[in-house]
Amino acid sequence: MSEERFLRIKDLDLRFYTYEGVVEALDKVNLHIKNGETIGVVGETGCGKSVTGLSELVLIPSPGRIEGGKVLLNRDGKWVNLLRQKDAFLRNVRGNEISMIFQDPKSALNPVYTVENQIGEAITHHRMEEMCKRVIDNSEKAKEELKRTDLSDKEKAKLRKNVLSNREKRFLERIIDYPEDTIARWASRIPVLNRFKKRLNKEVKKEVVRMLKDMRIPDPERVAEMYPHELSGGMAQRVVIAMGLCCNPSMLIADEPTTNLDVTVQLQILTLIKELKKEYGTTIQYITHDMGVVAEMCDRVAVMYAGNVVELADVFEVFKNPLHPYTRALLECIPRPGAEFKSIEGFVPSLISPPEGCRFNDRCPFAMDKCVSVKPEFVAAKAGHQVLCHLYTGEAK
Amino acid sequence: MSYMLEVDNLKKHFALTGGLLRRKVGAVKAVDGVSISVRKGETFGLVGESGCGKTTFAKTCLRLLNPNSGSIFLDAPDEVKERIRYLRSEHKEGSELRGLRRQWDLAVFRGQKLREMRRRMQLVYQDPTRSLNPRMLIKDILTEPLAVQHLATGASAIKRVSEILQRVGLGDRFLYRYPHEFSGGQRQRIAIARALITTPRLVFLDEPTSAVDVSVRAQLLNLFQGLRKDFDLTYLYISHDLSVVECISDRVAVMYLGKIVELASTPELYTRPLHPYSVALFSAIPIPDPTAKRKRVVLTGEVPSPVNPPAGCRFHPRCESASQICQSQEPQLVDVGNGHMVACHLFVK
C-alpha cells in the first residue's frame, strides 16, 4: 500500500440555509485519505458524516452551500480542487474516480428500471469507448475464426452474427473518437442504422452480468432482468455496490451500506467489500455509526461530532488509546455484558446555534474555561494521531 | 417455577388468495408452532433476522392478530395449563376443553375479557415516529389507554400521566406538545410511558432501540432496567441487535423462519451456541475491537420464503452439517441439559 494521499479535505465549511436558521453542518473539517486504505467515518446521526461524503463528490443538496475550504483530489501528483471545477469535469469524476453507495439500497435504486438498465447506464456513460472497442475486437476475432475451414455451418452462422458491417464499424469508431458524436447519436435512433447500438447494448449487458457475478450474486443473468422490488435487501445492496464499482473507481464512499441489513447479511456484504477491495485495490471511505463494523473494516478512523472531525488516527490507536473525550464516551456506550449501560450526558447541540468554542464543551467532563471561548485546533497529538481538543494543544509539537 | 407467559404451539398463517374467486392458494407461515415460557420478572430475548416472524409472534401474543391455532396463557394456574395440555394430547376436544380455554386461554378470549388481558400486556413499537399519532397531543396519547380501559378520566388521568412522564425522564411541561417536537429518544420514552400507564405486568419491547443513536440507546436501556425493578415488570425483548440482547436478557430464544431453533440462558447461548444457525448468527456480530480474533461462519444464500419453507429442518439448505434426515424429518426442540433447548438432529441422541 502506498502512503500517497489520494484526497484531502481542507477547512471545509458547509451551511444549510433553512427557515429555522443557518445550520452549520460542517465546520472546518480536515481529513485526508491515503491511497488504498479503508478509512472509517463514525459519529452519531446528524454529525455530518454523510454530507462529508457528499461534498467529496460536490453533490450537496439545494439549501446547502459550501462556504469555504477545499476538496483536493490527487490527479497524477497534481492537486485539483473539486469545488472549483466545471460540471463536465465533475461528471467525469463522479462514478468514474469516486463513486458512492448509499444507505438504503431500495431507495437508491430506481423502481421502474431493471437492474441491467441501471448498472448499464453508468457503464454507457463512463466506459463507452471500451465497450465499442470490445464490440470491434469481437468482430475481428470472429472474422479470423471464419477463415478456418473446419467449421460446421451452424458455427459459421453463429460467428457471422458477431461480424460488424462496415457501416456499423464506422459508427463505433466515431463514438470512440468522440463519445458525443451527433451523427452516431442520431443513427442510434433510426431503425435500420441502429444495429450498432444494439450490439453495444448487448456488450454492456455482458459487462453488467460479469459485474453481478463478481458480487457473488447467484444466477446473475436472471437478476440482471429483475426490477428492484424483486430483490431482497442484501441482494439490492450487492446491486448498488456493483453499480458503484462498475467503472473501476479509485475510491468508493460507502455510506452506511449495511445499516438496514441483518447481521448475517451484513457479514456477507462486509466480506464481499473486503474481497473486492483486494481484487480492485479501491480506496474505501466507510461511513457508519457502528463501532464494531469500524473495528472490522477500517485501517484508520475519523470520529465526527456536531460537524467537526474530532479525532483521526489508526484504528488500533482509536480503540486502545482514544484521546478526545467524545471518542472515549462513544466507546463506553458500547454495551458490554455484566456492566451497566453508559451513556453520554446531555444532547447533541443544535447546529443552528452551536456552542462557542469547542462544540463538545457542554457534555465534556474535562471542559475548561478555554473550551467555552476558544475553538480548538486540529493538531497532531502524536505521529499519525490528530485530535481537536484543548487538552492536547499544550503537549503538541 | 412460576411462568408469566406460556405459549403453546402458536401458529399464525397469513392466507394468500388468488384466482377469480379469491380462493386461498397458499399461506405465509409467519409463526409456525412456537412454544415458549417466560418466567416472572425475567427479560426474555427473542432474536432472529428480519422476516423470521418475531414481530408477528409478539402481535399474536397480544391478540392484535388472531392466531390460527395454539394457546396463550398469561398468569394462568399450572393445574389449568396441565389439564388443557392433557386434554389436547388425548384429543378430548369436548366441552371441558372449550370451557377451560374460554376462561384461561388468551388465544380465544373476546370482548371484555380480552380488553382486561390487554391492560396487563403492552407493546412498545420499533419506530416511535410512526407509532405516535402526529395529530395528538402527548396528553391525549397518554390518557387514551386510561379511557379505553376505564381506569381514570379527567384530573386523575392527568395526574397519572404526569407521574409516568416524570418516571420516564420527561417532565409534565411536555403534556401539551406534539410528537414531532421531540427527539427520537424522547419519543421512545413517550411510547414507553404509554405502554406503562395501564400498569401492565408484561411488556413486549419490539426493537425499541433500533431507531436511536448509541448514546441514546444506553439511556433507554438503563431506563428499561430501572422500570423493570420499580414496576416489577416482565419483558419480552425482541431485537436483531444481538449485543444489546446479550446485555439485557436473562434467557434468549433464536428464531428462524417462524420456528424457535434454540433457547438457552444468555451466557450459555452466547458462549456455546449449538444450532448451526445460531453459530453463524452469533459469529456475525461485529466485535468493537480491532485486535480481536474472529472465527467467522458466513452463511450462503438467503432465507427461504415462508410460503414454501423447506421440508424437514428449515435450515437444511444453508446448513453445512446437513444430512439425509434433515431433509425429511423436522427436528423437535429438545433439552440438552441445563435448560438449553435446541431443535437440530445433530443433538438428538
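Select helix 5 and helix 7 of chain A in this predicted model, and look at how they cross: the crossing of these two helices is left-handed. Helix 5 covers residues 128-146 and helix 7 covers residues 166-177, and their axes come within 9 Å of each other while crossing at roughly 150°. Because angles over 145 degrees count as roughly antiparallel, helix 5 of chain A and helix 7 of chain A are roughly antiparallel to each other.

Next, show the side chains where the two helices of chain A meet. On helix 5, select Met128(A), Glu129(A), Cys132(A), Lys133(A), Val135(A) and Ile136(A), which meet Lys169(A), Leu172(A), Ile175(A) and Ile176(A) on helix 7. Coloured by class, this contact between helix 5 and helix 7 of chain A shows 7 nonpolar and 3 charged residues, with no polar ones.

Now step back to the whole of chain A, and colour it by domain: domain 1 is made up of 5-97, 249-327, 334-354 and 381-392, whereas domain 2 takes in 115-224. The C-alpha centres of domain 1 and domain 2 of chain A lie 39 Å apart.

Finally, bring chain B into view and select its side that touches chain A, where 29 residues of chain B are in contact with 31 residues of chain A. Helix 9 (214-231), helix 10 (242-248) and helix 12 (276-283) of chain B each supply at least two residues of that side, and helix 9 of chain B gives the most, with 6 residues.

How values were computed. Residues numbered from 1 in each chain as written. Chains lettered and ligands numbered in written order. Predicted model: local features only at pLDDT ≥ 70, side-chain atom pairs only at ≥ 80, totals over all residues. Domains from an automatic or database assignment. Axes fitted to C-alpha atoms, helices over the stretch in contact; angles between N-to-C directions. Helix = DSSP H or I, 4+ residues; strand = E, 2+ residues; numbered from the N terminus. Parallel < 35°, antiparallel > 145°, perpendicular 65-115°, else oblique. Left-handed = near helix turned anticlockwise from the far one by under 90°. Contact = placed C-beta atoms within 7 Å. Nonpolar A, V, L, I, M, F, W, Y, C, P; charged D, E, K, R; others polar.
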